[in-house]
Amino acid sequence: MTVTSRDAPPARGGAGAMWWRDAVIYQIYIRSFADSDGDGIGDLEGIRSRLPYLRDLRVDAIWITPFYPSPMADGGYDVADYRDVHPLFGSLDEFDALLRDAHAAGIRVIVDLVPNHTSDRHAWFTEALAAPRGSAARDRYIFRDGRGDMGVEPPNDWGSTFGGPAWTRTADGQWYLHLFAPGQPDLNWVNTEVREEFESILRFWFDRGVDGFRIDVAHGLIKDPALPDLGEEKEAILEPTRRVDHPHWDRDEIHDVYRAWRKVSDSYDGDRVFVGEAWVASPERLVRYLRPGELHTAFNFDFLKAEWGCQTMRDVIQRCLDAVGSVGAPATWVLSNHDVVRHVTRYGGGEVGSRRARATALLMLALPGSAYVYQGDELGLWEVEDLPEDVLADPVWERSGHTDRGRDGCRVPLPWSGDTPTFGFGPDGSLPWLPPPAQWRGLSVEAQHGDPASALELYRSALRIRREHPALGAGALRWLSAPDDVLMFERDPGFACAVNFADRPAHIRPPGTLLLSSSPLPEGLLPVASAAWFATGRSRSAPEAASIPS
Ligand code: BGC
């Protein structure tokens with residue numbers, strides 16, 4: 001069934017409002033969210049069955065990672081057919097049913113678009129391999145002759161972000177470029193057919209009723225046609241490029257692509273949105289993607305990468321707000337995703353990491369702009385660092401010669417309930433594709449439900465207040481003076497947030513009545529690694545106080 005935009009949920013700020021400027025968007029890594037059929041792998045029906053959970057959490061939208069047909073060389077980020085669903089995940093009919101039910105629950109749906117590369121099993125690549133050098137079929141990708149005697153050396157020194165060279169040699173001796181795994185050949189974005197195909201793919205999903213796209217590797221599409229050597233400068237996948245004239249990251253010509261895509265999204269009703277995944281040198285480079293007529297939003301990874309610390313966080317937040325303000329775009333905050341170590345672990349792990357993660361969640365959700373919650377953030381999940389080697393599926397593990405375990409530790413299936421090894425991820429008796437640690441029994445949705453001290457109830461309270469409080473939208477932020485290592489700011493009307501980064505409790509004069517705190521708050525004190533929200537008395541309509549853990 002095709003869903004039209006009439007089924008879309010009402011925008012938070014009223015009909016036609018730009019909902020994405022202050023939305024809370026929940027990232028679903030589909031393989032690991034909920035498994036409806038017991039094969040150990042999450043699927044579309046699993047997501048549909050959990051819509052009540054997402055509605056009650058009060059997220060405004062979900063972003064679903066790729067569910068398209070794929071040989072899974074990179075967990076689905078190697079797409080073999082952009083207009084269908086992998087049987088592991090369901091069918092197009094099941095996608096339509098999910099979209100319809102999500103909209104009925106007031107939840108918008110963003111899908112993942114992977115334009116930098118296809119799978120090596122995509123029909124275009126099969127055709128390219130069978131076609132002669134210099135053919136139109138090869139021109140959709142980046143094929144080159146090698147260097148050295150008989151062309152046995154790769155055309156240049158570029159490395160794959162997953163380790164090893166970025167070139168693979170084909171049977172007839174030519175090489176093709178893949179900035180990621182060999183199963184992910186890079187497309188040639190100066191080829192008109194490639195551009196037309198992706199505009200048509202956008203229309204395919206917009207016509208079905210999706211509310212937007214997350215754009216994978218949005219900064220990588222265009223390469224310097226001379227394909228010059230990089231020299232010594234090799235960069236890892238999640239390091240921002242330091243150069244602005246980099247031969248394959250963040251090239252100026254890329255913006256033409258997004259100007260064309262924006263015309264496509266603007267031709268649809270219902271306020272469709274793009275969010276770009278662009279790892280670039282600075283917020284100033286990032287907001288070039290957000291200029292009028294380009295993408296609506298882009299992840300601010302500087303916030304994700306910032307270490308726990310008062311001045312660091314304040315600087316990162318202010319610089320981001322200044323930068324997005326210069327182009328009239330909203331900020332987009334994120335703490336974790338399927339590519340990075342979960343923030344409980346990044347912030348020190350254990351009790352310390354959990355406290356800091358709770359505090360940072362309140363900080364993020366109080367900032368102007370939109371916020372992304374990665375599945376399991378709301379349960380306080382940590383990185384699983386001791387997965388058995390024989391279950392590791394991330395190509396990074398093989399490509400690094402077993403020196404880097406890759407990203408599977410943040411992709412472990414969610415614990416929903418019970419104490420069987422599946423923790424309710426799938427039907428009893430099924431085994432999740434990665435084994436959740438036994439301690440996650442105490443972190444399941446069921447175990448945390450109703451416990452006022454739990455991460456889940458903290459997120460539920462925060463998202464409820466965020467939805468109701470008039471200050472918690474896209475508006476401005478004003479820093480307040482505060483003791484050393486305490487970050488305090490005000491938002492109009494009538495809201496303040498304080499975060500203590502010090503390693504001892506901070507004496508603060510509460511700027512108002514307590515709404516919510518990440519740990520119990522003794523009178524006049526903000527405990528170590530804690531955050532609190534206050535109603536300052538100037539609200540037009542302050543919500544009731546949430547229950548505070550005691
Ligand atoms: C995705 C990764 C993926 C890579 C290649 C990234 O940006 O988030 O999971 O491995 O793109 O598609």
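How far is an oxygen atom of the ligand from an N or O atom in the side chain of Arg214? The separation is 3.0 Å, which falls inside the polar-contact cut-off (a pair of N or O atoms within 3.5 Å; within protein, one must be able to donate a hydrogen and the other to accept it, and residues adjacent in sequence count only if both atoms are side-chain atoms). Glu277 puts a side-chain N or O atom 2.4 Å from a ligand oxygen, and Asp339 has a polar side-chain atom 2.4 Å from one. On its own the ligand exposes 310 Å², and the protein buries 99% of that (Shrake-Rupley areas, 1.4 Å probe).

A word on ground rules: this is a predicted model, where local features need pLDDT of at least 70 and side-chain atom pairs pLDDT 80 or more, while totals for chains, interfaces and linings use all residues. Residues are numbered from 1 along each chain as its sequence is written, and side-chain values use heavy atoms, leaving out hydrogens and water.

Now over to Asn300, which sits in the loop between β9 (297–298) and α8 (301–305) (DSSP runs, numbered from the N terminus: helices are H or I with at least four residues, strands E with at least two). Its relative accessible area is 4%, so Asn300 is buried (under 20%, with a 1.4 Å probe and protein chains only). The Asn300 side chain also reaches the backbone nitrogen of Phe303 at 3.4 Å.

As for cysteines, Cys410 is buried at 0% relative accessibility, and Cys310 is buried at 10%.

Definitions and conventions
Buried < 20%, exposed > 50% of the residue type's maximum accessible area, 1.4 Å probe, protein only.
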